[in-house]
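User: I would like a close look at a single part of this model. Please keep to what can be read from the coordinates.

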Amino acid sequence: MADADVAGENKQGGVAWAVTNVFAPQYVAFLAPVLTGGVADGLTGALWGLGAAAVCVGVPAAVIGIGVRRGRLDSMHVVDRTSRKGPLLSGLAALVLGLAVLVVAGAPSVVKATVAVMLACVAVMGAVTIRWKISFHTGVVAGTAIMLAHLLPPAPTLIIGAAITALVSWARVRVSHHTPAQTIAGATTGATLAWAVFTLLT
């Protein structure tokens, strides 16, 4: 392979890793309730979303971080499917607790709906990933796009969301963490669950 081809391959790999890290599920999921709450209810909604994110996403992310530092998990992306059970269970517990607190505290409906979507995605995709490595990256990005499309002008929001989802899908395949089928399945599952749950609760 020519030097120019090698340089091109290395550059593509670097871009793919950057996309993988920037759009990590933890980061996108943390922003999701802040964005939906802020769009629907302004600063008050954004603050409710921030509180929800701190519990529902911050706690599982901390569990994963501890696992990485102690050598029990390979990375924040938990590439090894067999190691995902603990983080998934901690995520489910945090989401159930967070949603219960939001309901009791009278949080805005959009924030509660966002957390409910997150809970549905973790439950369904978590059950799938035990047997098949479905992509949480594309699922979270696609689901967030669908929720925002309920609150913002749908056509441009969906176009941008689809473009980002396609970019993330390419990156996950490029870094050899998923097959195309796994990224498509993740995006389809996340989008479908987000549409169903968010439509029902808002």
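Which residue with a positive phi follows H7?

Analyst: The model is a predicted one. The residue asked about is Ser176, which follows H7 and has a positive phi, near 65 degrees.

H7 itself covers residues 154–174. The helix has 21 residues, and the distance from its first C-alpha to its last is 30 Å, close to the 30 Å expected at 1.5 Å a residue. Its buried residues are Thr157, Gly161, Thr165, Val168, Ser169, Ala171 and Arg172. Viewed down the axis of H7, these buried residues fall within an arc of 160 degrees, so they line one face of the helix. On the other side of H7, Ile159 and Ile160 are exposed.

His178 has a relative accessible area of 6% and is buried. Two polar partners are listed here for the His178 side chain. The backbone oxygen of Lys133 lies 3.0 Å from a polar atom of that side chain, and a polar contact of 3.2 Å joins the side chains of His178 and Gln182.

Next comes H3, which spans residues 58–69. H3 has 12 residues and reaches 16 Å from first C-alpha to last, close to the 16 Å expected at 1.5 Å a residue. Pro60, Ala61, Ile64, Gly65 and Gly67 are buried in H3. Seen down the axis of H3, its buried residues fall within an arc of 160 degrees, so they line one face of the helix.

Val59 is also in H3, but at 40% relative accessibility Val59 counts as partly exposed. Together with Val55, Val63, Leu97 and Val101, Val59 forms a nonpolar patch on the surface, with about 380 Å² of accessible area together. The elements that give two or more residues to this patch are H3 and helix H4 (85–105).

Definitions and conventions: Residues numbered from 1 in each chain as written. Predicted model: local features only at pLDDT ≥ 70, side-chain atom pairs only at ≥ 80, totals over all residues. Heavy atoms only, no water. Patch = residues over 30% accessible without salt bridge, like charges linked within 9 Å, V, L, I, M, F, W, Y side chains within 5 Å. Areas by Shrake-Rupley, 256 points an atom, 1.4 Å probe, with all protein chains shown as cover. Salt bridge = Lys/Arg side-chain N within 4 Å of Asp/Glu carboxyl O. Helix = DSSP H or I, 4+ residues; strand = E, 2+ residues; numbered from the N terminus. Buried < 20%, exposed > 50% of the residue type's maximum accessible area, 1.4 Å probe, protein only. Expected span 1.5 Å × (residues − 1). Arc of directions from axis to C-beta. Polar contact = N/O pair within 3.5 Å; in protein donor to acceptor, adjacent residues only side chain to side chain.
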